[in-house]
2 protein chains.
Amino acid sequence: MQFMHSFEELLSGFEDYFSHRHFPEAPGTLYDPAESFLGMGGKRVRPVMCLMGNELFDEINPDAYPLATAVELFHNFTLIHDDIMDKAPIRRGQPTVHARHGEATALLAGDVMLVAAYDYLNRLDSRYLKKIIQLFNQTAREVCEGQQLDMDFEKRESVSLEEYMQMIGLKTSVLLAASLRMGAILGGAGEGNQQHLYAFGKKLGMAFQVQDDYLDAFGDPEKFGKQVGGDILANKKTFLLIHALETASAGGQAELRRLMQGTEDGKVEKVLQIFRESGIDSWAMSLKNNFLEEAATHLEEIAVLSNRKRPLTDLMHYLVQRDK
Amino acid sequence: MQFMHSFEELLSGFEDYFSHRHFPEAPGTLYDPAESFLGMGGKRVRPVMCLMGNELFDEINPDAYPLATAVELFHNFTLIHDDIMDKAPIRRGQPTVHARHGEATALLAGDVMLVAAYDYLNRLDSRYLKKIIQLFNQTAREVCEGQQLDMDFEKRESVSLEEYMQMIGLKTSVLLAASLRMGAILGGAGEGNQQHLYAFGKKLGMAFQVQDDYLDAFGDPEKFGKQVGGDILANKKTFLLIHALETASAGGQAELRRLMQGTEDGKVEKVLQIFRESGIDSWAMSLKNNFLEEAATHLEEIAVLSNRKRPLTDLMHYLVQRDK
């Protein structure tokens with residue numbers, strides 16, 4: 001079997017499996033909010049990564065669909081709970097679950113979504129059920145740790161680049177990495193291949209986050225889709241701000257700290273000016289490219305015919321544009 | 001093997017297994033609150049019921065301890081999240097997790113506790129892993145449904161006795177029933193025996209809730225351990241209030257509705273007076289005894305030597321005093 005499916009083909013196969021009701025009808029006060037949140041979309045990157053991880057090694061196992069569904073439900077569980085914790089009013093262009101239905105119902109809707117994820121996992125063949133649940137649980141724990149660190153960092157004066165990378169690794173990257181690896185387990189991959197694929201996913205996640213932080217500051221407002229400078233206005237500790245606070249000139253660092261105290265007119269432009277003067281923009285680009293190169297190296301190390309890797313290379317370019 | 005362990009012996013065996021750290025050290029901002037909540041105690045009724053369900057049919061399977069731990073962690077997860085939803089300041093005589101550490105951390109601490117529960121389940125032998133996870137998930141879903149119904153009912157003018165019993169069945173009884181049944185699965189029980197044991201647990205849970213509602217109104221303040229009349233002051237829809245609103249004299253019903261509007265002096269005593277005049281106290285006693293008799297009938301139907309049932313009979317009397 002040499003034929004490999006594209007992202008779009010895998011996505012369409014996943015949507016066919018996924019797009020039905022996942023929860024009982026009653027009580028509607030609990031399940032309708034959960035159900036309608038799932039219907040609001042999202043890019044479905046993680047479930048597609050489960051399928052890709054599988055197909056890298058073998059034809060798609062029918063169990064890959066419930067696995068991918070479990071991962072997507074888990075991801076949505078984290079979004080609902082994170083939005084409560086972050087008091088976020090909007091997600092995917094719509095009011096968040098707690099904004100619409102209250103915090104108590106949003107909390108419970110997240111809880112039943114996590115339970116539903118385990119229900120889908122429980123459909124997997126016993127041969128790999130334990131292995132998958134083990135990796136799934138480890139990942140779930142790490143994602144929670146990442147969210148806690150993110151909240152801890154918000155309250156702190158300063159955060160080192162190393163700490164930030166650890167947090168992003170937990171909050172964002174491990175789920176991408178685990179999605180690929182759980183798929184690979186279903187595909188019968190050996191331990192060494194699994195480890196390289198996992199490392200590929202982690203590095204890709206890091207590159208994606210650098211890009212996300214970069215675009216918030218330097219992105220084209222028309223293409224970016226959200227307010228440019230939002231992180232700066234919120235004093236969010238990003239790759240850019242953390243590195244600027246460590247490497248800008250003494251004057252630049254002092255000015256940054258002063259700007260972070262308030263919300264004066266032109267704050268975004270002034271912060272961007274310091275970023276540019278300190279070369280933060282090109283530093284971020286090269287950091288992203290370093291992560292991408294590390295990802296590519298792990299991908300190369302996976303012992304399968306290189307034409308099987310094409311969808312993962314495409315995915316890398318879909319998620320992170322090089323040198324942009 | 002004729003020798004059966006008592007509640008205290010099973011509890012002590014469980015505590016030996018359970019009383020160590022369940023979470024990693026870091027980040028302490030997440031795991032210390034989770035860990036210390038587990039250390040605050042609780043009666044550990046549900047994990048002991050897992051062990052009893054097992055020992056009813058066979059010697060205790062080593063897997064019964066991780067199972068019992070999963071159930072106890074699940075129960076504590078529900079307490080942490082329920083306390084957030086109910087905005088409860090105190091639990092087990094101490095500030096609740098969210099009161100001490102903030103809602104965001106409490107929410108996450110609950111989440112990691114649920115994940116930890118699945119980690120313990122994943123230690124079970126593959127022979128019964130799927131069956132147990134299936135029942136565990138169904139139960140988890142139902143407990144969430146019960147909590148949502150409880151919140152829905154709070155906002156409603158009136159709730160029927162049938163609706164209240166359905167809610168209590170979900171919120172309280174199914175976890176007791178499932179604890180017994182999951183233990184019975186490890187003990188190799190057949191389907192019919194499992195069903196009777198599950199039904200025993202459900203009826204026992206109902207009897208327990210009737211007693212809890214009764215004691216809040218008519219209990220001895222010195223023995224009850226919490227404020228007598230607390231439910232009445234909070235206008236909580238209990239077995240007693242719901243039945244009184246359905247069966248008291250027209251004047252009594254009108255007076256109850258009037259008393260529920262405010263917090264006048266002597267409110268508790270006035271409500272109790274109406275309860276007594278309408279015979280709500282003796283009705284509650286007979287309702288409790290009916291549930292206990294139904295529980296006992298299911299216990300009798302279980303096809304094992306009757307001396308094996310002794311710990312469950314003792315449990316029934318430990319949880320619910322007859323005719324009290």
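**Note on a predicted two-chain model**

1. In chain A, the centres of domain 1 and domain 2, taken over C-alpha atoms, are separated by 24 Å. Domain 1 of chain A spans 1-157 and domain 2 of chain A spans 190-324; such bounds come from an automatic or database domain assignment.

2. This is a predicted model, in which local features need pLDDT of at least 70 and side-chain atom pairs count only at pLDDT 80 or more, while totals for chains, interfaces and linings use all residues. Residues are numbered from 1 along each chain as its sequence is written, and chains are lettered from A and ligands numbered from 1 in the order in which they are written.

3. The average pLDDT (the predictor's confidence in each residue, from 0 to 100) of chain A is 95, and 98% of its residues score at least 70. For the model, ipTM is 0.96 and pTM is 0.96.

4. Within chain A, ten residues of domain 1 are in contact with twelve residues of domain 2; contact requires that the C-beta atoms of two residues, placed from the backbone, lie within 7 Å. The side that domain 1 of chain A turns to domain 2 of chain A has six nonpolar, four polar and no charged residues. Here Ala, Val, Leu, Ile, Met, Phe, Trp, Tyr, Cys and Pro count as nonpolar, Asp, Glu, Lys and Arg as charged, and the others, Gly among them, as polar.

5. Between the chains, 32 residues of chain B are in contact with 32 residues of chain A. On the side of chain B that touches chain A, helix 7 of chain B gives the largest share, 15 residues; helices are DSSP runs (H or I, at least four residues), numbered from the N terminus. This side of chain B has 17 nonpolar, nine polar and six charged residues.

Note on methods:
Helices (H or I, at least four residues) and strands (E, at least two) are DSSP runs, numbered from the N terminus.
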